[in-house]
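Trainee: I am new to this structure. Please show me how to read its features.

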Amino acid sequence: MSRKSSDDYNLRSMSNLMGERRKRALIKAPSSASLSSAAPADLERAARKQFQQDVTPGFVYVLAVFSAIGGFLFGYDTGVVSGAMLLLKRDMNITALWQELLVSGTVAAAAVSALLGGYLNGLFGRRVCILTASFTFGIGAIVLGSAPNKEALLVGRLIVGLGLGK
């Protein structure tokens, strides 16, 4: 394939694309019957026009806000657990091994859950996965709040990690 091919993208063709975007020229998308016979340039123009006209739904912004809050809570949890370890170490006689398990258990569970997240999103959809992750995180918070011993704390931290990773 030569460099002068019309399929190659270069700086000039990209600036032309931006110029077309500024002009707001109307490009009619080819019908589904003529897709097989349509020229690649027509398909490209139609796809570009559709991309320019797509409007982001409000639900995406709500999801982005809640995702940002989730990220903030993950960082906040990581910072708070280090301060809580001082009190827990004294009250529950926690050894260095248990401290390591309690602190890193959430991150490890989140990593495992994140590996499954893409598959679950494809299977059930984003909305269901986000709701499930929020519910899982809430259950983990309840377990953590009512934990009488270090084993229950570890279970709560693992459940919270599963909710964070999805």
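Mentor: We will take a helix, a core and a ring pair in turn. Keep in mind that this is a predicted model.

Trainee: Let us start with helix α5. How many residues has helix α5, and what does it reach from its first C-alpha to its last?

Mentor: Helix α5 covers residues 126-145, with 20 residues. It reaches 28 Å, close to the 28 Å expected at 1.5 Å a residue.

Trainee: Which residues of α5 are buried?

Mentor: First the general idea. An α-helix has 3.6 residues a turn, so residues three or four places apart point the same way. In α5, the buried residues are C129, A133, T136 and G140. They fall within an arc of 65° seen down the axis, so they line one face of the helix. Their cover includes α4 and α6. The face turned away carries the exposed residues R127, L131, F135, I142 and G145.

Trainee: Which residues make up the largest nonpolar core?

Mentor: In soluble globular proteins, nonpolar side chains tend to be buried together. Here the largest nonpolar core has 9 residues: V81, M85, I94, W98, L102, A147, A152, L153 and L154. The elements giving two or more residues to this core are α3, α4 and α6. Helix α6 gives the most, with 3 residues.

Trainee: And the aromatic pair: which residues form it, and is it stacked or tilted?

Mentor: The structure holds 1 aromatic pair. F72 and Y76 form it, and it is stacked, at 6.1 Å centre to centre with 25° between the planes.

Trainee: Why are F72 and Y76 separated by about one helical turn?

Mentor: Because they are 4 residues apart in helix α3. F72 counts as exposed at 56% relative accessibility. Y76 is exposed too, with a relative accessible area of 52%.

Note on methods:
Residues numbered from 1 in each chain as written. Predicted model: local features only at pLDDT ≥ 70, side-chain atom pairs only at ≥ 80, totals over all residues. Heavy atoms only, no water. Phe/Tyr/Trp six-rings, centres within 6.5 Å; stacked < 30°, edge-to-face > 60°. Buried < 20%, exposed > 50% of the residue type's maximum accessible area, 1.4 Å probe, protein only. Core = buried A, V, L, I, M, F, W, Y, C linked by side-chain atoms within 4.5 Å. Expected span 1.5 Å × (residues − 1). Arc of directions from axis to C-beta. Contact = heavy atoms within 4.5 Å.
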